[in-house]
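Okay, thanks for making time, everyone. Let me put the structure up and we'll walk through it.

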Amino acid sequence: MKNIMEKVINQVTDQKAQSDLLLCKSKSLKMSSQNGDISEYKVASTQILGIRVIKDDKIGLSYTETFDEESLKFMVKQALQNAEMSSPNPNEKLMDLKGCLSDRLSIPEEEIDIKLKTDRTIELESRVKQGDQRVVAVPYNGYSENEYESIYLSSKGREANYFDKSYNIATSALMDQNGKKSNFDDYSIAHTFLELEWDKVAETALFHARNILEEKPLPTAKYSVMFHHDCLKSLMSCFSHFYSAKSAIDKMNPWGTKVGQEVASRDLTIIDHPLFERSFRTSVFDSEGVERKSLTLIERGVLKSLYHNSVTARTLNTTTTGHAVQNPGGALGIGGTDLIITGQNVKPLPSKYLEVIQMDGLYSGANRVNGNFSVAVKGYVWDKGERSMTFGNITLSGNIMNMLKNVDVVGEILVASTDNSFFSVPLIFPELSIGGT
Amino acid sequence: MQLIKINIAQEIISQGLQNGADFVEVFVERTQTEGVVFKNSRPEDTQSGTIFGIGIRLIHGEQALYGYTNSTEREELLRITKLLGARIGKPGKETSLNFETLKYPKIPIIKDLEVDVKHKLAHLKKIDDVLRSDARTAQVILNFSKKKQIIEIYNSEGLFATEERPYIRLFHHLVMKDGQLQSEASHGPGAIGGWDYIEKQPFEEVCQTLLKQASTTLYAAPCPPGKMPVIIDNGFGGVIFHEACGHLLETTAVEKKASAFWDKMGEQIAHSALTALDDGTVPGAWGSLSIDDEGMPTQKTTLIENGVLKRFICDRMGEIKTGHKRTGSGRRQSYRFAPASRMRNTYIDKGNYELDDLIASVPDGLYAKKMGGGSVDPSTGQFNFAVQEAYLIKDGKISTPVRGATLIGSGPEVMAKISMVGKNLLMMAGMCGSVSGSIPTTVGQPPIKVDEILVGGQV
């Protein structure tokens, strides 16, 4: 494949333009079961090649999923035509990087027989079904494995290779009790088949579905709220563009001009860590082939840096932080890696608070430019250290910027999200609005 | 020119049948895409590309086996077919197959004007200028996208069907700022067709509506939470039916009994004021198709009539698993997805009231003028929606604007509470994400009154 990519780069160079290419290949196997048998079984192998050309300070993008000579020439032609239509942006240049980087995560393991995979998938469904007599269906129960490989190549001479293999399982428990329904799903992700947590996935789905059957709305009022680590990850991800220099340049980021200012509680420090030892996936380089390192975003409440790629860095007269992201044929963007939230000045847990375990409608209910959001939530009321009731059919509204200013750190141990991509000490957000009865 | 050689399609299907499949289907897709992101008053990202791939589906009993690849190589396609066939584990039959080309009525599409890119960029600049005529405008993003999808479907029933589907969409996003206050407004018209559709949009009127929406929400007070009657205006308000009921009527959910309506055929599931349809044949509409992705001509399907459940939205697997007849609703984002029962242009039919009648009937409630997105868990029917532009209703009159409202509830409960339906039906384009990917769908409704729904907001 590298030969093909080099050939394409040469075609562009012949047109007196620079280019970089991103090739992504994947292989996957997915299956799901229903009523004790494999109901869906899916195998796939795909490839896509994207190109970015830069000619006379203008950018053109294109991609193709077919790699015959004619298609590759057409892709180059389209990218050059697209560049002609773009406005010049002298800040978008290829990074002057050479040499090869490699990030290959492949843990050796014995070949697992397909029968074992199908048997375990069916067993998982059966286990959920038999776990409680109120389970009326398992809306989704499945297994998947994915191999992903990418090669980045630039006309400046940079090459970066990435390989990753992962295994996933997921299940859900739909319960019915006198016409009242509850549904909860859980998943596990691992680098080897044997690391998958089949028991935990079934037990978690059953445990929460069982409790949600008993849910009741809460009176409309303000409450102290703790988010389950997966919910907190979703909330922080929804507003992750607050750290983006690109969003700042586009005037879509309320923190865009606040580097050096206090934007959060002085008890809070937030770090973007691409190489954290507990992370499921580390990330050695970004989409421009820049080597990554950890970046302190907020230190004791003060915004220390935004995420930069080389374009935003040149625009704002700084250096890239190695946070370029790009899909084949897509525009060069910005994105974070794994977030770590640490805290100081640990306070005791309040005697009564809500633990949110499920949030629905976050992305549709969030205003990205002012930080307001409103979501449907479910979870538990904790009272004097005991789980006293399950709540649901209520809404939670807040503003992420205000929440980060008024947050209490209530623990010191970092808790990971289910996919080990987000780590935070326990946090309580006081005075959040709940709409209920 | 055909996208793969017929003899390869024949070989794939024969191989699948030999492996014991009851039914084999080959779906071939070639899609050309182009797009421009017009931002900071200039074209920032111009891109184009080619999607190409082949999906192979084997059905055995109630089991669906699916594989896909970008390769047109005979060996690779037969390897995938054998890999899938090995799951069946019983010998099949030798078959000789000839395809008959499906003839079907074609949905009228909006013509594609022959205009060059400079003309298109000039049009985007005009829109940008109008939206920036307000000093509070902080950013305008116009996302123009166009694609031409060509599909070919071969199956073991001897069917060969092909369709060319041109899509066009222009998404407007406006950000407004005044001091520390920020708000946004968006609008995304789309159609089956070409540039003529964009030219015919009343862009000045659209821009003024967006400016008004952003300006109104910029200074609006937070919405108070609680249960109250809500008037949901026409157009994108139809997302409430799409999420709260439409997804529950797809056989993808029904076949797993993961829908609150799975056993309610012929029963009253909604207020008698409500009739709802899913129509794949609306000329030029964003969710229209001449044939679905299983090669069946689409149709106009009455889902609910005067509150009574009449039909489910059904694809081939849905028919096999539930016994309900297919409705030309087997859809997928691309060859990377097996088809599933999905909505097309889904809307609540016209009723008898003016919007003013609906507002006047509410002493204390909320007027949701413009809805945002939402989602649903079909298994429980619980949904949530964001409201982009909303006003309180006091004593039967529209009162002060409010921001940050969301609506949550359960589909079956809300359907019973739609007590008044207006006359003025309007449809809007959107994207719907589900098991077979993200597909173009239209939502629509006249103004409706929901007697009670939980509104989320700030205490």
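This is a predicted model: local features need pLDDT of at least 70, side-chain atom pairs count only at pLDDT 80 or more; totals for chains, interfaces and linings use all residues.

Domain 1 of chain A puts 36 residues into the contact, and domain 2 of chain A puts in 28.

How much area is buried between domain 1 and domain 2 of chain A? It comes to about 2,600 Å², with carbon and sulfur atoms giving 60% of that. On the polar side, the rule picks up two salt bridges across this interface, and six residue pairs in polar contact, both residues at pLDDT 80 or more. On the domain 1 side of chain A, the elements giving two or more residues to the contact include β1 (18–34), β2 (37–55) and β8 (180–190). And while we're on chain A, there's a salt bridge between the side chains of A:E215 and A:K180, 3.5 Å from N to O.

Now the cores. The largest nonpolar core has 59 residues, and A:Y143 and B:Y154 have the most contacts inside it. Helix α4 of chain A, residues 198–212, gives this core its largest share, seven residues. Domain 1 and domain 2 of chain A each supply at least three residues to this core.

Let's zoom in on B:Y154. Leaving out residues up to four places away in sequence, B:Y154 touches, among others, B:I4, B:I6, B:V26, B:F99 and B:F160.

Last, there's a second, separate core of 57 residues, and among them are A:L235, A:L297, A:V377 and A:I394.

How values were computed
Residues are numbered from 1 along each chain as its sequence is written. Chains are lettered from A and ligands numbered from 1 in the order in which they are written. Side-chain values use heavy atoms; hydrogens and water are left out. A nonpolar core is a set of buried Ala, Val, Leu, Ile, Met, Phe, Trp, Tyr and Cys residues joined through side-chain atoms within 4.5 Å. Buried means under 20% relative accessible area, exposed over 50%, partly exposed in between (1.4 Å probe, protein chains only). Helices (H or I, at least four residues) and strands (E, at least two) are DSSP runs, numbered from the N terminus. Domain bounds come from an automatic or database domain assignment. Contact means heavy atoms within 4.5 Å. Buried area is the accessible area (1.4 Å probe) that two parts lose on being put together, summed over both. A salt bridge is a side-chain nitrogen of Lys or Arg within 4 Å of a carboxyl oxygen of Asp or Glu. A polar contact is a pair of N or O atoms within 3.5 Å; within protein, one must be able to donate a hydrogen and the other to accept it, and residues adjacent in sequence count only if both atoms are side-chain atoms.
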